[in-house]
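Hi,

Here is the structure I promised to pass on. Have a look at it first, and then read my notes below.

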Amino acid sequence: MSALTKNYNRRKIAFKKGKGSFIYATDGKKYLDFVQGIAVNSLGHSNPHLIRAMNKQAKKVWHVSNAFIIPEGEKLAKRFAKKTFADCVIFQNSGTEATEAAIKVARRYFYSIGQIKKNRILCIKNSFHGRTIAAVFASGSKKMIEGFGKKVPGFDHFKFGDFKSLKKSITKDTAAVMIEPIMGEGGIKVHSSYFLKKLRKICNQKNILLILDEVQCGVGRSGKFFAFEYAKVKPDIVPIAKGIGGGFPIGAVLMTKKVSAGMVPGSHGSTLGGNPLAMSVGNAVLDQIFKKGFLQNIQKISKYFNNELNKIKKDYPKLIKEVRGVGLLIGLQLFNDQTKFIKKLQDNKLLTIRAGENTIRILPPLNVKKSEMNLAIKIIRKVCKEL
Ligand SMILES: Cc1ncc(COP(=O)(O)O)c(C=O)c1O
């Protein structure tokens, strides 16, 4: 009997070791892991570069708190400032802390310029921004808020891709619109470049900040460092997590200098956020992702995978409704519930995970090999045949 609470519906499988795209269960079975800790292990299991960075730092200093300067964090923040839209960064420990901090940054910005009432956050109905009490009310999903008491105020909602609904939901008190460029948990639903561009324009016109939640789709997963780069828009605030830690818990909020104005000493904090161990691993992840050709390779290899999945879809038009996604954030949407399909894939030694709208999420590591993709394709085709 487990002494853990039952808030997770865990599969009856545990692992003893992993290497790259593969993971080995305690019963000796070898799986192709296209879950990778839910888009977290961006460089696969047991990446030697990450292990080296972690071991090196572990022998020096693990934790000091943000009462002191943390050189590894200074370095990581500077790399973001050099390579992305951002001028500055706050480090956290998880995605939901990053989205919460993003909300706080937006509200504090308007507070700092005397617009105290401009503090409402507009999100997509039934979206996903994490599980803290504010983040679940940001999502507006009945399932996630049920039983958690009085509504956290300050959140409004609009319908995915619907400008009419968006415009209707904006008030003079709207401080920020927060959306995922690609909705991961929601079923790999991709916002078009047209939508993101127009959204940016509306935000500019109405003096509203744009928060793009790249916790799942960011840090190379889409084939660009940020998914919003495809639309050529510039956000104000971007929470990230998952992939930047490569398996180590890291969250971060990237922002422009302008919106960081409210983040004066004492306005926000985290005991563990940005600790030396986490920052060393984060820097090691960026070493790989910023390597010449790394992101281009994701674009190339994901195109191949997408084509192959579409061939399967064509052969099984009554089973597969749509192949969704960008880069290596891939969704296979079925006509019916996906539970049985995922189980069959697992029985055939391929691990995948569910998302909304009957979608199977396929999340290989970003350094996945073509041979591993071919193995996944073979297994998916076999399962389609069986079903
Ligand atoms: C878009 C998005 N935001 C926030 C979160 C929350 O991240 P975490 O589970 O690390 O708190 C997730 C997690 O799946 C996510 O996909």
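A quick term before we start: a residue counts as buried when its relative accessible area is under 20%. Please also keep in mind that this is a predicted model.

With that cut-off, strand 5, which spans residues 120-124, comes out as mostly covered, with four of its five residues buried.

What does strand 5 pair with? One partner is strand 7 (residues 174-179), which runs parallel to strand 5 and is joined to it by four bridges. Within that pairing, Cys-123 has Met-178 of strand 7 as its bridge partner. Strand 6 (residues 155-158) is also parallel to strand 5, and four bridges link these two. Here Leu-122 sits opposite Asp-156 of strand 6.

Now for the ligand. The residues around the ligand include Ser-94, Thr-96, Phe-128, His-129, Val-215 and Lys-242. By type, this shell splits into two nonpolar, six polar and four charged residues.

- Asp-213: an N or O atom in its side chain is 2.8 Å from a nitrogen atom of the ligand.
- Gln-216: one of its polar side-chain atoms lies 2.8 Å from a ligand oxygen atom.
- Glu-185: a polar atom of its side chain is 3.3 Å from an oxygen atom of the ligand.

And how much of the ligand's accessible area does the protein cover? On its own the ligand has 390 Å² of accessible area, and the protein covers 83% of that.

Cheers

Note on methods
Residues numbered from 1 in each chain as written. Predicted model: local features only at pLDDT ≥ 70, side-chain atom pairs only at ≥ 80, totals over all residues. Heavy atoms only, no water. Buried < 20%, exposed > 50% of the residue type's maximum accessible area, 1.4 Å probe, protein only. Pairing = 2+ DSSP bridges. Near = heavy atom within 4 Å. Polar contact = N/O pair within 3.5 Å; in protein donor to acceptor, adjacent residues only side chain to side chain. Areas by Shrake-Rupley, 256 points an atom, 1.4 Å probe, with all protein chains shown as cover. Nonpolar A, V, L, I, M, F, W, Y, C, P; charged D, E, K, R; others polar.
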